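Q: I would like to take a close look at one part of this protein with you. Could you walk me through it once the model is on screen?

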Amino acid sequence: MRNFIFVFVLFFSINSFSQARISQDNFEGNSTITSWFGDNCGMDNAFVNPFQNGINTSARVLKYTDAGGQYANVRFDAGFNYNLNTSSVFTLKIYVPSSGITGNQNNQVSLKLQNASIASPWATQCEIIKPVVLNQWQTITFNFATDNYINLDPNSQNPLDRRDFNRVLIQVNGENNTSQVTAYIDDFYYSGAASIFNTLVWSDEFEINGGINTTKWFPQTQLPNGNSWYNGELQHYTNRQVNSSVNNGILSIVAKRETFTDQGRTKQFTSARLNSKFAFKYGRVEVRAKLPIGAGTWPAIWMLGKNIIEPGGYWTSSFGTTSWPACGEIDIMEHWGTNQNFVQSAIHTTSSSGSTINLGGQTIPTASSQFHIYALEWTASKMIFSVDDIVHYIYNPSIKNASTWPFDAEQYLLLNVAIQSSITTSFVQSAMEVDYVRVYQQTALESPNVLKENNLVLFPNPAFDEITLKSNENLIGATITISSLLGQDLAEFKLNSQEKTLNISNYQSGIYILKVNSEQGIQSYKFIKK
């Protein structure tokens, strides 16, 4: 990955898994939604609120006018993919006057989630429909974890297991009709929890041309049984640049047909197998890769327990105590050239190894022609496997013991391309290309009980009416300022104790910046007011 720059604002690192994902609009200028669109309907998202009463006395709202369009709705693109598994709730306020309705449609509002990245975004949509009471403001909640939902395609996954939703549609009184309806919408809100794995702790962006970075990777070449590799594989793994090299920001692991003799054994194929010199427990792994092509090729992005006993492995000489599969194996991605467009994830333990039953996969039509992000989220309770944020397998055994869950210890990463006996006679060479490898973990600053020198912790975050600041004594006397995302200053005061609670009940829902100006410099934090 070329030109990769890190910018950190304390523990809110600027990357795809550090920040809370917010979609909100109060139509008063406090919005994270860049554009609303009206499909086959009239829309004014700065309309003077004609019913300033009840639970909504705000000045402006979105006016929705369906003048008889068959598929009327308003929508926006979020700019990110929703993770409903961690945050599944959308809310809005709505007012539907009876004077604006014709026909005999159900009085209802539906919220639809779609994938704006595909040609027909509606084809895989998921929808929740809620009833509306006329002539009053009301708050409607759409919860994809608990509400009844409708998948337009019955073969679609449970929405909690999907990561491809990035468009929201709101539709009043349904579609496939020419009835008219006028409605007013306000205070749309969604707050997606930031991933707990929000700190990049290890990566290789493959910036330097030439051989692999040997401070990060170990080329594993020793035949583990003195004769061959496991699974009847045909290759020698080498430490040569013809099999693993970096060029223009891309690591290439190249499997080749060539006669090669090593360790007293001559084989007809070569490739590379890299062990990371970094091991960890729990986190998110992302590998952006393009896979080789050809029946008989077997690329993999995977992990093994740091405690494995495997002759020639990087960690064995210092930490090897346990044989495979008791050490645990996590296959983030496996691909077989004999099944070209299918990728799989699997778990190997003593309870299920070899022909494991713990697996899942999905079809990726462009696996060998385009880069895709293969990811694992590994917590103390489960593992979630995805490609481009689309989940295809979750491993969460009900009983976790040494047989089913040896995954409470450190593992390391492996990248390799093996050659199977099914290799075609026409095969010459093919490569797995890797743009980057990244490992994210949870920052200690997320806990209100853990403070580092000169840092501040805000909790709860998101907050409702109050938020508490907790600091080290080094920050007493610092100047605290709070401002909106638009730069409007809202508060300024001196920090006179290590713990202070602020009343934010009069703040509008949204994201705010809190700055600490002390002798140690200026620190910035974000918090969310619900």
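Which residue in strand 24 does Met 303 stand opposite?

A: Happy to walk through it. Met 303 stands opposite Ile 330 in strand 24. Before going further, a word on the ground rules: this is a predicted model, in which local features need pLDDT of at least 70 and side-chain atom pairs count only at pLDDT 80 or more, while totals for chains, interfaces and linings use all residues. Residues are numbered from 1 along each chain as its sequence is written, and side-chain values use heavy atoms, with hydrogens and water left out.

Now to the strands themselves. Strand 23 covers residues 297-305, and strand 24 covers residues 329-335. Strands 23 and 24 run antiparallel and are joined by 5 bridges. Strands here are DSSP runs of E with at least two residues, helices are runs of H or I with at least four, and both are numbered from the N terminus. Two strands count as paired if DSSP finds at least two bridges between them.

On its other pairing, strand 24 is joined to strand 25 (residues 342-348), again antiparallel and again through 5 bridges. These two strands form a hairpin, with 6 residues between them. Strand 24 is largely enclosed by the rest of the structure, because 7 of its 7 residues are buried. Buried means under 20% relative accessible area, exposed means over 50%, and partly exposed lies in between, using a 1.4 Å probe and protein chains only.

Stepping back to strand 23, have a look at Trp 302, which belongs to this strand. Trp 302 counts as buried because its relative accessibility is 9%. Leaving aside neighbours within four places in sequence, Trp 302 is in contact (heavy atoms within 4.5 Å) with several residues, including Glu 329, Ile 330, Asp 331 and Ile 332. Its contacts also include Arg 273, Tyr 412, Leu 413, Leu 414 and Asn 416. For a sense of distance, Trp 302 and Thr 32 are 270 residues apart in sequence and 37 Å apart in space, C-alpha to C-alpha.

Finally, the wider setting. The protein chain holds 1 helix and 38 strands, and its C-alpha trace spans about 85 × 65 × 45 Å along the principal axes. Of its 530 residues, 53% are buried. Among contacts between residues at least 6 apart in sequence, 70% join residues at least 24 apart.
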